[in-house]
Amino acid sequence: MTKQVQQLDRVIIRFAGDSGDGMQLTGDRFTAGTAEFGNDLSTLPNFPAEIRAPAGTLPGVSSFQLHFADHDILTPGDAPNVLVAMNPAALKANLGDLPRGADIIANTDEFTKRNLQKVGYDANPLEDDSLAEWRVHPVPLTSLTVKALEGFDLSKKDAERSKNMFALGLLSWLYHRPTEATISFLETKFAKKPDIAKANIAAFTAGWNYGETTESFSVSYEVKPAPLPAGVYRNISGNQALAYGLIAASVQAKLPLFLGSYPITPASDILHELSKHKRFGIRTFQAEDEIAGVGAALGASFGGALGVTTTSGPGVALKAETVGLAVTTELPLIVVDVQRAGPSTGMPTKTEQTDLLMAMYGRNGESPLPVVAPMSPSDCFDAAIEAARLAVKYRTPVMLLSDGYLANGSEPWKVPSAAELPDISTAFATAPDEGETFLPFKRDPETLARPWAIPGTAGLEHRIGGIEKADGTGNISYDPDNHDRMVRLRQAKIDGIAKDIPALEIDDPDGDARVLVLGWGSTYGPIAAAVRRIRKAGGKVAQAHLRHLNPLPANTGEVLKSYDKVLLPEINLGQLALLLRARFLVDIISYNRVRGLPFKAEELAGVIQDVIDSE
Amino acid sequence: MSELLNGRGLSLVPKSDAKQGMKDYKSDQEVRWCPGCGDYAILAAVQSFVPELGLKRENMVFVSGIGCSSRFPYYMNTYGFHSIHGRAPAIATGLAASRPDLSVWVITGDGDSLSIGGNHLIHALRRNVNLNILLFNNRIYGLTKGQYSPTSEVGKITKSTPMGSLDKPFNPISLAIGAEASFVARTIDSDRKHLQSVLREAAEHNGTSLVEIYQNCNIFNDGAFDQLKDPEQRDDITLRLEHGRPIVSASKAVRRAADGGIEVVDRASVAEEEILVHDAHRADPSLAFALSRLDEPAFEHVPIGIFRSVGRPSYDEQMAAQLEEAVAQRGPGDLDNLLLAGDTWRIG
């Protein structure tokens, strides 16, 4: 049977199943095949915080969405074209996101009476006509897998475990994905259990062959490679890019990296990644708590290391006092906040941009510090280097605001060579700076940074601490005028960084838009995708995206004031809008959703259109 | 006890060529404790003792938390970090773990290390980072003006406990031994000779050494340790712990009890060979723990000296060893190789 091949320009697939079904792995492997094939892509894992929620229940559903295309794309996609539902819970949890006409590949073996009842289905939706508006492909994935593995010495339970690889094989056939990388991946992953490796490969191959022979699928699809700029690419998640950025920062700053961290979702993967790279001289310290994590990092910075701590919002709250100590002792420190839904424990695996005001102001006293936010998973690499550059050059703690969406999402990344990266090294103080005397708080006239004199340097012995310091000498001082001066000096040092960061760039192809959409952090992709839609439909809109939240680029006020309307979508209740309104007296239009999920392009396009139309 | 210094101890800290004296370690800062405070005696003891170590002054760092005692680093002409309440062990851990060429000292009080910083203290002890922790125990909050502390006796009447405190105090030595600290000692501010002898052993010990120093707060808890200073009774109360020597005071002795524990008895009533001989190097901490319980009820008899001093690899040397092993196995890190590791593809 020769099957028809249809060309598509883009596809959004969502793999959904029980958290024990291996959906994240399935998604990762499909992504790897897609990256290798040369499509542009963007991914969105979505999983429960529970490690193993009760099997077959709605809270236990784990999913992985992948958007791939023959052109450059900006988001993991709004709505899936294809849903792979490994059980009734996966169908029920995801059907609401599925547009009419989309494909549903359902594992019929799991649609048992008991499983249906668990999620409140009275009748089997695959058998009544409740799914008539979708294209349903019922496939007995589990039993086909077990059958394919009959020749292996495996229990039925173990054989069933490979059903995700069967599904991967079927989808790989359906979308013409290369198979070699997945086969070699399985060989490596199960190198110590060759039988399991062989079984998984057999299940994967069986899934592919099933697609080729079954009548359930009459068409397969091709999505041509995307014309991306020339270079070597890899797929990378935000957390991995951030970890690599920190390693690169350590190399480029010529400072040993010291990470003090306490495990917390969704930041722990940075700790895991950095702990693998000890041959770069990286010390990773899993502390007894969040406070000790940042404390140890600051102690290491005092000793001349690049001190880093990684956490999420609840951890930042605990670290606040130590970050304040870093502000007043003026030592380099990088505080990575992979934001998640709050307040309190909130929704640990869901994304949010709600820590901006905490990053800015969440400490006692006047304690300014730079805030930097990456805009895409791969941009976490560059943002980490930028955070380190500012920390080292200005002797200050820097907040790096990633979030759950960036952390776990992935995209192709054009790998830079080390030679292209900036030199961010600095010099330690080696000699007295005032005649025979060493003044630990004598400032560089240009940057206002103080000298970084590390223990072991003869003649520069000095004491620092949290008590207010006399300007210059650093001795304890309760003098009112000195305190006022020091508060202003610390503020001026951070404000002065505005001279050292790029101007806010505006994307306005025709230069005549009257509405500006502004964003920061991880909303870049959905905003840019929405802007494209508006422009494609003939609308005019300008876009600008802030990477530096503190200080803001020097031209920010000017940019905001040059548009009739400024729209600012944020996954919070308007935190940046509050800052901009106060600072520039501009009547920002906020658009806010805090659902633990990224914005959708279509949603934002609608909002932008409404603002344009209301002119 | 050199056979136990199997780790780095002070071996990686550069030695000074010049002869040093006490004045080299006095900073130019005016000391601002209350007149008569026990902290003065401890400062003088430290300043006059550290030159003996012969280390480069610039390679010594004093890190403190918050409280009266935590002002200490300002008065030492070394590097110093007066940090925040309770966090000194954490900050010092990062410093010591990344700089094996430093001799790092933590100065803390009973409130700083046992209340707000209790967690950091026990974790520093279990990790065995190369730190010397001097815990100034005055059994009261001084800097906040006289509230009861985690080492205050039950029923303590203070501003915050007008009807008496309810919480049972920590015994810092028991706590440290419970955390299996590798070096645990107790000394007293008024006995400079003993204090310095303990500091010497602490400084050279490989890993974390915890030294509890009974320190008098003459403003808010004056006389807390008077029994140990009173010539009439101190020799009877104080049980000297010296490795390899019988544990005795002038009139009392420690021996094995019939129930398997240990007990304090009238010295005259026991034969010399029945008296327990102190073994600070015993790997099992249970006997050291039993010794730490001998001052219950407080001040009937108080063991003073080194309870426990055992050899154990330090956290920082093991951390450094892992880095070296990683390089030995796969060579030093190369950024380009790192970024290109795994699945890559070329476009164009």
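Hi everyone. Let's begin with burial: of the 348 residues in chain B, 57% count as buried. Please keep in mind that what you see on the screen is a predicted model.

So what does chain B look like overall? Its C-alpha trace spans about 90 × 50 × 45 Å along the principal axes. A compact globule of 348 residues would have a radius of gyration near 20 Å, and chain B agrees with that because its value is 22 Å. In secondary structure, chain B has 11 helices and 11 strands.

How do the parts of the chain meet each other? Take the contacts in chain B with a separation of 6 or more: 68% of them come from residues 24 or more positions apart.

Now let me zoom in on a helix. Among the buried residues are B:Ala88, B:Pro89, B:Ile91, B:Thr93, B:Gly94, B:Leu95 and B:Ser98.

Chain A has its own helix H2, residues 88–95, and six of its eight residues are buried. Those buried residues are A:Pro88, A:Ala89, A:Ala90, A:Leu91, A:Asn94 and A:Leu95. What covers them? The cover includes strands S2 (10–18), S4 (61–69), S5 (82–85) and S6 (103–107), along with helix H3 (113–118), of chain A.

Next, the annotations. For chain A, an unreviewed UniProt entry gives "domain: Pyruvate/ketoisovalerate oxidoreductase catalytic" at residues 20–207. In the model that span is 41% helix and 16% strand, and its end C-alpha atoms lie 20 Å apart. For chain B, UniProt, again in an unreviewed entry, places "domain: Thiamine pyrophosphate enzyme TPP-binding" at residues 66–213. That span of chain B is 32% helix and 19% strand, with 17 Å between its end C-alpha atoms.

Let's finish with some backbone details. Most residues other than glycine have a negative phi, and most peptide bonds are trans. With that in mind, here are some exceptions to look for.

Which kind of peptide bond runs from A:Thr265 to A:Pro266? That bond is cis, with omega near 0°. You can find A:Pro266 in the loop between strand S10 (257–261) and helix H10 (268–275) of chain A. Another cis peptide bond joins A:Asn550 and A:Pro551, where omega is about -10°. A:Pro551 sits in the loop between strand S21 (548–550) and helix H18 (556–561) of chain A.

Then there is phi. A:His176 is not a glycine, yet it has a positive phi of about 55°. Look for A:His176 in the loop between helices H6 (163–174) and H7 (180–189) of chain A. Its relative accessibility is 25%, so A:His176 counts as partly exposed.

Over in chain B, B:Glu180 also has a positive phi, about 60°, and is not a glycine either. The loop holding B:Glu180 runs between helix H5 (172–178) and strand S5 (183–188) of chain B. With a relative accessible area of 45%, B:Glu180 is partly exposed as well.

Definitions and conventions:
Residues are numbered from 1 along each chain as its sequence is written. Chains are lettered from A and ligands numbered from 1 in the order in which they are written. This is a predicted model: local features need pLDDT of at least 70, side-chain atom pairs count only at pLDDT 80 or more; totals for chains, interfaces and linings use all residues. Side-chain values use heavy atoms; hydrogens and water are left out. Helices (H or I, at least four residues) and strands (E, at least two) are DSSP runs, numbered from the N terminus. The radius of gyration is taken over C-alpha atoms; the globule rule is 2.2 Å times the number of residues to the power 0.38. Buried means under 20% relative accessible area, exposed over 50%, partly exposed in between (1.4 Å probe, protein chains only). Contact means heavy atoms within 4.5 Å. UniProt positions are given in the numbering used here, feature names are shortened, and annotations may be inferred rather than shown by experiment.
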